[in-house]
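Here is a briefing on strand pairing, helix packing and salt bridges. Look over the sequence and the model first.

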Amino acid sequence: MRRSLINMTSVLLTLVLVVAIAAEEPKGHRRIELQDGDTLVFCGDSITHQCLYSQYVETFFYTRYPERRIRFHNASVGGDRVGDALARFHIDIAPYKPKYVTILLGMNDGTYQHFNHDVFKTYETGMEKLLDQISGLSATAIPMTPTMFDLRAAAMNPRRKARMPQYKYYNGVLAFYGAWLRDRAAERGLGFVDMYGPLNAITIQQRKKDANFTLIRDAVHPDAPGQVVMAFAILNDMHVNRRVSAIMASQGKNGWKVRGDNSEVSNVVSDEGQLAFDFQAKSLPWVLPPDAALGYELTIAGHKMSSERLRVATLPTGDYDVKIDGQLVGTWSNLTLAKQVELQGNEKTPQYQQALKVALLNQERNEKAIRPLRNTFRGLRDHYRKGTDKSAPDEFAAFLEKFKVQVAELEKLAHEYEDQIYAAAQPRQHHYEIRLAE
C-alpha cells in the first residue's frame with residue numbers, strides 16, 4: 001500500500017512538473033491561418049473517424065471564409081495508434097500537402113490499462129517521429145491531448161463493466177500522455193490543443209445537476225455534443241477569427257449613420273419611427289446540425305466564436321420590431337438595442353438558415369463521402385498491420401489497385417459536395433427594417 005501511494009504521488013508530481021514547465025515555454029505557433037488553396041489534415045483514431053469534430057471545424061471555415069477554397073482531409077481510422085499513422089503517412093498525409101496537421105492519438109496507444117512505461121515509450125517514440133515527418137513536409141503539426149475516458153459511463157456500459165478494474169486509472173493515464181505532449185509541443189514551438197480539460201470540466205460541472213450526465217456514452221467516443229466541445233477547443237486554442245459581422249447605427253445632427261464591421265451597408269433610409277438599410281456580411285454565423293445543439297450551448301459557442309451583433313443607439317423610448325427581408329426576427333426595447341443584440345443564434349434570420357443549410361450539406365458530405373472513405377482506408381491499415389505489403393506483395397498490389405479506384409471515387413464525391421457547400425455559403429444582401437412595434 002505504501003509503495004502504491006509513493007508511486008501515485010510520483011506520477012502526480014511529474015504531471016505538475018510537466019505542466020509547470022510547459023507554462024514557462026514560449027507559446028510558439030498559436031494560430032490557424034488558412035488561406036485560399038491551403039489544406040488542413042485531421043490525423044487521428046476512431047474518435048476522428050466519427051467525422052464529427054472535424055466536420056464542425058470544416059463548417060466553421062466554410063462559413064467564416066466563404067471566399068477561400070480551403071481543403072480538408074480526414075486521415076483517421078478506428079483503432080489507430082501512432083504507429084498506424086506513421087505506416088500510412090506516405091499515402092494518407094504527405095500527398096495532400098497540408099499546411100497544418102492536427103493530431104488526436106493516444107486513446108488506443110495507452111492500451112486501456114494502468115500506466116505502463118514500455119507502452120508509453122512506444123507512443124513517445126512514435127509521436128516524436130510523426131512530428132518530425134510532418135515538419136519534413138514544411139507543414140505545421142498541431143498536437144492535441146487525448147480525449148477523456150469517462151469511467152462513470154464505462155461503469156454503466158454493459159460491454160465495459162467487466163473490465164472496470166483495468167479502467168480504474170485510465171483517465172489519469174491519458175492525462176499523463178497529454179501533459180507529456182504539451183511539453184513536447186512547447187519545446188518544438190508548436191501550438192497545442194487541450195481536448196482533455198474541457199471535456200472533463202464540463203462533465204464535472206454538469207454532474208452537479210445530473211449524476212449520470214455524460215458526453216461519452218460508451219466511455220471512449222464522444223457523442224455529437226462532446227465533439228462540439230472538441231471542435232470549440234481547436235478553434236479557441238488556435239485563436240481563430242471569432243467575428244462574423246456587426247452593425248452599428250446611431251442618429252446624429254445630419255441623420256442616421258449605419259456602419260458595418262466585416263460587411264457592407266448601403267441604401268440607408270429613415271423617417272419618423274423607422275430605419276431601413278441593406279446589409280451584406282462577408283461571413284455567415286457558425287451553425288451546426290441539431291444533434292450538436294447541447295455542445296454548442298454548453299460551450300457558449302455562438303457568443304464566443306460566432307459574434308453577429310446589431311447595435312442601434314439613440315432610438316426614442318419604446319419597443320422596436322427588427323425585420324430582415326420582411327421577416328420579423330425579434331422585438332427589443334430601445335435600451336436593449338442600444339446595448340446590442342446578438343443574432344448569431346436567432347433561427348429566424350436568413351443568415352442562420354443559410355448557414356444551417358451549409359452545415360447540413362457538410363454533414364451529408366461526411367456521412368456519404370468522408371466516413372466511407374475512411375472505411376476504405378481501414379483496409380489499407382489492416383494490410384500494413386499484417387505486413388502483407390512485404391510478405392505478400394502480389395496480394396497487396398491487387399488490393400492497392402482496387403483501393404485507389406475506391407478512394408478516387410469517394411474523393412470525387414467529396415469535391416462535388418464541396419462545390420455545393422461553397423455555393424451555398426456565399427453571403428447575400430439582406431434588407432433590414434427597424435421600426436416602432438405596434
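The notes below take the sheets, then the helix pairs, then the salt bridges.

This is a predicted model: local features need pLDDT of at least 70, side-chain atom pairs count only at pLDDT 80 or more, and totals for chains, interfaces and linings use all residues. Residues are numbered from 1 along each chain as its sequence is written, and side-chain values use heavy atoms, with hydrogens and water left out. Helices (H or I, at least four residues) and strands (E, at least two) are DSSP runs, numbered from the N terminus.

**Antiparallel sheet**

- Five strands form an open sheet in the order S7-S8-S13-S10-S11, with antiparallel pairing; two strands pair if DSSP finds at least two bridges between them.
- Strand S7 (263-271) and strand S11 (327-333) stand at the edges with a single partner strand each, so one side of each has no neighbour in the sheet.
- Neighbouring strands of this sheet are turned by 20° against each other on average, direction ignored. Axes are lines fitted to C-alpha atoms, for helices over the stretch in contact, and angles run from 0 to 180 degrees between N-to-C directions.
- Strand S8 (residues 274-281) and strand S13 (residues 430-436) run antiparallel and are joined by six bridges.
- Phe 279 has His 430 in S13 as its bridge partner.

**Parallel sheet**

- Four strands form an open sheet in the order S2-S1-S3-S4, with parallel pairing.
- S2 and strand S4 (140-143) are the edge strands, and each pairs on one side only.
- The twist from one strand to the next averages 20°.
- Strand S1 (residues 39-44) and strand S3 (residues 100-104) run parallel, with five bridges between them.
- Leu 40 has Tyr 100 in S3 as its bridge partner.
- Helix H4 (residues 82-92) packs on this sheet and touches S1 and S2; contact means heavy atoms within 4.5 Å. The direction of H4 makes about 150° with that of S2.

**Helix H10 with helix H11**

- The axes of H10 (residues 196-206) and H11 (residues 224-237) come within 9 Å and cross at roughly 135°.
- That angle makes H10 oblique to H11. Angles under 35 degrees count as roughly parallel, over 145 as roughly antiparallel, 65 to 115 as roughly perpendicular and the rest as oblique.
- The crossing of H10 and H11 is right-handed. A crossing is right-handed if the near helix is turned clockwise from the far one by less than a right angle, and left-handed if anticlockwise.
- H10 contributes Pro 198, Leu 199 and Ile 202 to the contact, while H11 contributes Gly 226, Val 229, Met 230 and Ala 233.
- By class, this contact has six nonpolar, one polar and no charged residues. Ala, Val, Leu, Ile, Met, Phe, Trp, Tyr, Cys and Pro count as nonpolar, Asp, Glu, Lys and Arg as charged, and the others, Gly among them, as polar.

**Helix H5 with helix H9**

- H5 (residues 117-136) and H9 (residues 170-188) pack at about 30°, with their axes 12 Å apart.
- That makes H5 roughly parallel to H9.
- The crossing of H5 and H9 is right-handed.
- Residues in the contact include Tyr 123 and Glu 124 of H5, and Trp 180 and Arg 184 of H9.
- The contact of H5 with H9 has nine nonpolar, no polar and five charged residues.

**Salt bridges**

- The count comes to 24 salt bridges, each a side-chain nitrogen of Lys or Arg within 4 Å of a carboxyl oxygen of Asp or Glu.
- One of them pairs Glu 418 with Arg 71, with the closest N and O atoms 2.3 Å apart.
- This pair links distant parts of the chain: Glu 418 lies in helix H17 (residues 393-424) and Arg 71 in strand S2 (residues 71-76), 347 residues apart.
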